[in-house]
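Subject: Structure handover

Hello,

Here is the structure I promised to pass on. Please open it first, then read my notes below.

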Amino acid sequence: MPRKRTYLRYQVYRSEARKRAAVTFAKLHSELEARAIVDVDYSKVRFEAIDASAMKAYEQWLDPHFCWEEIVRWKAKEPMSFDLAIWFDRELCGLCFANPNQSRLRVKIVRLEGHPNEHPLKGRIATFALTAVTHFARIIGSQQIEIQEPLSGALPLYRQLGFEFDSEGRLVKRIDQV
Amino acid sequence: MKAVVEKKASNFKSRKMEKKQPSVELSETEMHRIRNALANPAVEEPSGVLAGSYFSFR
């Protein structure tokens, strides 16, 4: 029963984090548009759960790296986890799965993958995903986000987003308190 | 006595509400980072996998 309650409570947190991410990018879109430095309509970006629609769209990806069907099982086993499907209009552009540790002080990004081929959000999946995870981490009161096994080619981008390696070699970012 | 208890209960409730409602906004530092990453990404993001492993939950 407590597990069920936790799942429902975190369902609200997950949903809220996705909503806040959408609001953040709507705000940024207006700012960047005003400065004429926007090339994508961020208002078409949607932050959703990894659900049946996401899985259907994922099946169309050519040669994906991870088997995201597993996530459906993981979600059931990890009631506090955060799953994210990043869409541009009706196109699935990225998938992310993160999980807080037992104390909830650290949220670990377990998997992050963008559409392997051309898509409208190419080059920005990490930024969208990490923003949504940051909202989730703030909602649940975490102090840190960790990226598990980051791809070396994306490290400069992770650094740009505030991540650094700690003394134990983990790529982490502290959550700013507002 | 009843009034004191009610007041305490209402204070507890409001403290609890405050604790459960963190600020919606990200910090300005955070927004600045995101803005920069969107406008001038430090590196061309590789296609496909960006992080993770074949780790599995038992």
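How many of the seven residues of strand β2 (residues 82-88) of chain A are buried? Seven of the seven are, so β2(A) is largely enclosed by the rest of the structure. Keep in mind that this is a predicted model.

**Strand β2 of chain A**

A:F82, A:L84, A:I86 and A:F88 point one way. A:D83, A:A85 and A:W87 point the other way. Residues on both sides are buried.

β2(A) has strand partners. One is strand β1 (residues 45-48) of chain A, paired antiparallel over four bridges. There, A:E48 sits opposite A:A85. Another is strand β3 (residues 91-100) of chain A, also antiparallel, with seven bridges. In that pairing A:I86 faces A:G94. β2(A) and β3(A) make a hairpin, with two residues between the strands. A:D89 lies in the turn and has a positive phi of about 60°.

**Where the chains meet**

Now to the interface. On chain B, 35 residues are in contact with 53 residues of chain A. The size of an interface is often given as the accessible area lost when the parts come together. Here the buried area is about 4200 Å². Carbon and sulfur atoms give 59% of that area.

Three salt bridges are counted between the two chains. One of them joins B:E25 to A:K27, with the closest N and O atoms 3.2 Å apart.

Which elements of chain B give two or more residues to the side that touches chain A? They are α2 (28-39) and β1 (49-52). α2(B) gives the largest share, 10 residues. By class, this side of chain B has 18 nonpolar, 10 polar and seven charged residues.

Three bridges join β1(B) to strand β4 (residues 106-114) of chain A, and the two run antiparallel. B:V49 in β1(B) stands opposite A:E113.

**One residue to look at**

Find A:T127, in helix α4 (residues 125-140) of chain A. Is A:T127 buried or exposed? A:T127 is buried, because its relative accessible area is 0%. Leaving aside neighbours within four places in sequence, A:T127 is in contact with residues of both chains. From chain A these are A:F25, A:L157 and A:L161. From chain B they are B:I34, B:A37, B:L38 and B:E45.

Best wishes

Technical notes. Residues numbered from 1 in each chain as written. Chains lettered and ligands numbered in written order. Predicted model: local features only at pLDDT ≥ 70, side-chain atom pairs only at ≥ 80, totals over all residues. Heavy atoms only, no water. Contact = heavy atoms within 4.5 Å. Buried area = accessible area lost by both parts, 1.4 Å probe. Salt bridge = Lys/Arg side-chain N within 4 Å of Asp/Glu carboxyl O. Nonpolar A, V, L, I, M, F, W, Y, C, P; charged D, E, K, R; others polar. Pairing = 2+ DSSP bridges. Buried < 20%, exposed > 50% of the residue type's maximum accessible area, 1.4 Å probe, protein only.
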